[in-house]
Amino acid sequence: DEDPDLPPPGRAWNAADLRKKSNEDLEKLWVVLCKERNMLLTSRYHHKVRQTDMKYPERYHLVRRSMARLKQVARERELFEARRTHERKQLRFESLLRPPPPPPPAPAISDELGSSTSSMQ
């Protein structure tokens, strides 16, 4: 916060952008957001002790909003995977309950004339 040329903060991550990220990227972003949040909380504390104004105090809220959205996207993925797993288990279970298909009909036996026994009635 001592840097007078500190650029204004960007925007919070939106859920649509986060949904495009891989799970690995979301984990990395979570770590970055946690570090940023902790840095901002520390900075806010030091400014409060010194009774000075923190530059761009809204950064903390942007980080918190991003974290909340990231958690929302992670939860959506968890629910999707849970549903998929449940559906797979359900299909497996239903296939076990389904009776086996009937055996195929036996082939017709032909006599010496080439006609089948089923047409001899």
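Okay, let's start with a loop: Q51 sits in the loop between helix 2 and helix 3. Helices here are DSSP runs of H or I with at least four residues, and they're numbered from the N terminus. Before I go on, this is a predicted model, so local features need pLDDT of at least 70 and side-chain atom pairs count only at pLDDT 80 or more, while totals for chains, interfaces and linings use all residues. Residues are numbered from 1 along each chain as its sequence is written, and side-chain values use heavy atoms, with hydrogens and water left out.

Q51 isn't a glycine, yet its phi is positive, about 60°. Is Q51 buried or exposed? With 73% relative accessibility, Q51 counts as exposed; the cut-offs are under 20% relative accessible area for buried, over 50% for exposed, and partly exposed in between, using a 1.4 Å probe and protein chains only. Y56 lies in the loop between helix 2 and helix 3 too. Y56 also has a positive phi, about 55°, without being a glycine, and at a relative accessible area of 23% Y56 is partly exposed.

Now the helices on either side. Helix 2 covers residues 23-50 and helix 3 covers residues 58-97; they pack at about 155°, with axes 9 Å apart. The axes are lines fitted to C-alpha atoms over the stretch in contact, and angles run from 0 to 180 degrees between N-to-C directions. That's why the two helices are called roughly antiparallel: angles over 145 degrees get that name, under 35 is roughly parallel, 65 to 115 roughly perpendicular, and the rest oblique.

Who touches whom? Contact means heavy atoms within 4.5 Å. The helix 2 side includes L26, W30 and L33, and the helix 3 side includes Y60, V63 and M67. By class, that contact has twelve nonpolar, two polar and seven charged residues. Nonpolar means Ala, Val, Leu, Ile, Met, Phe, Trp, Tyr, Cys and Pro; charged means Asp, Glu, Lys and Arg; the others, Gly among them, are polar.

Last topic: salt bridges. How many are there in the whole structure? The search finds five, each one a side-chain nitrogen of Lys or Arg within 4 Å of a carboxyl oxygen of Asp or Glu. One of them joins E76 and R19, at 2.9 Å from N to O. E76 is in helix 3 and R19 in helix 1, so this pair ties together parts 57 residues apart in sequence. Another links E24 with K28, at 3.3 Å between the closest N and O atoms. E24 and K28 are four residues apart in helix 2, so about one helical turn separates them.
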